[in-house]
Amino acid sequence: QYIAYTTKIYRPNDSNGSNNSARAEKTPVKATHTVRDGDTLWALAKYYYGNGSLHPYIYNANKSVIEAEAKKRGFKSSNSGHWIFPGTKLTILEKE
């Protein structure tokens with residue numbers, strides 16, 4: 001028997017019971033990934049999204065972390081995610 005499973009988005013109500021539409025919804029987190037030696041954003045996008053060309057989505061979601069780690073390692077920048085370093089914790093968001 002086939003059962004379709006779906007995820008539900010939790011939308012908290014304010015104190016009077018109405019939906020609080022003033023609060024911005026966050027994109028759900030799909031996973032977290034700790035960068036290992038040899039990882040690339042292309043390979044991570046291929047693994048998590050099935051398409052390596054979606055690597056900018058991972059970069060944009062983690063830009064501040066990736067750039068801070070690059071500067072900590074003596075680089076001027078990460079070159080838009082070209083340089084990612086082992087031990088960096090990335091948040092992988094659900095693709096909209």
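Residues are numbered from 1 along each chain as its sequence is written. Because the model is predicted, local features need pLDDT of at least 70 and side-chain atom pairs count only at pLDDT 80 or more, while totals for chains, interfaces and linings use all residues, and side-chain values use heavy atoms, with hydrogens and water left out.

Student: In what order do the elements of the chain run from the N terminus on?
Tutor: Helices (H or I, at least four residues) and strands (E, at least two) are DSSP runs, numbered from the N terminus. The chain has 3 helices and 2 strands. From the N terminus on, their order is β-α-α-α-β.

Student: Which residues of helix 1 are buried?
Tutor: Buried means under 20% relative accessible area, exposed over 50%, and partly exposed in between, with a 1.4 Å probe and protein chains only. Helix 1 covers residues 41–49, and its buried residues are L41, L44, A45, Y48 and Y49. They lie on the same side of helix 1 because they cover an arc of only 100° around the axis, the arc being that of the directions from the helix axis to the C-beta atoms. K46 and Y47, on the other side of helix 1, are exposed, so the buried set is L41, L44, A45, Y48 and Y49.

Student: Is N62 buried or exposed?
Tutor: N62 is placed in the loop between helix 2 (55–61) and helix 3 (63–72). Not counting residues up to four places away in sequence, N62 touches K89, L90 and T91, where contact means heavy atoms within 4.5 Å. Because its relative accessibility is 3%, N62 counts as buried.

Student: What is the volume of the second largest pocket?
Tutor: On a 1 Å grid over the protein atoms alone, a pocket is an open set of points where a 1.4 Å probe fits, with protein on both sides within 12 Å along at least five of seven lines, and lining residues have an atom within 4 Å of a point. The lining of this pocket includes W42, H55, S80 and W83. Grid points are joined across faces, edges and corners, and a volume is the space filled by probe spheres set on the points. For the second largest pocket, that volume is about 180 Å³.

Student: Is S80 buried or exposed?
Tutor: S80 is found in the loop between helix 3 and strand 2, and its phi is near 55°, a positive value in a residue other than glycine. S80 is also one of the residues that line the second largest pocket. Because its relative accessibility is 53%, S80 counts as exposed.

Student: How many Å apart in space are E96 and P28, C-alpha to C-alpha?
Tutor: E96 is found in the segment after strand 2, and at 76% relative accessibility E96 counts as exposed. In sequence, E96 and P28 are 68 residues apart. In space, C-alpha to C-alpha, they are 9.3 Å apart.
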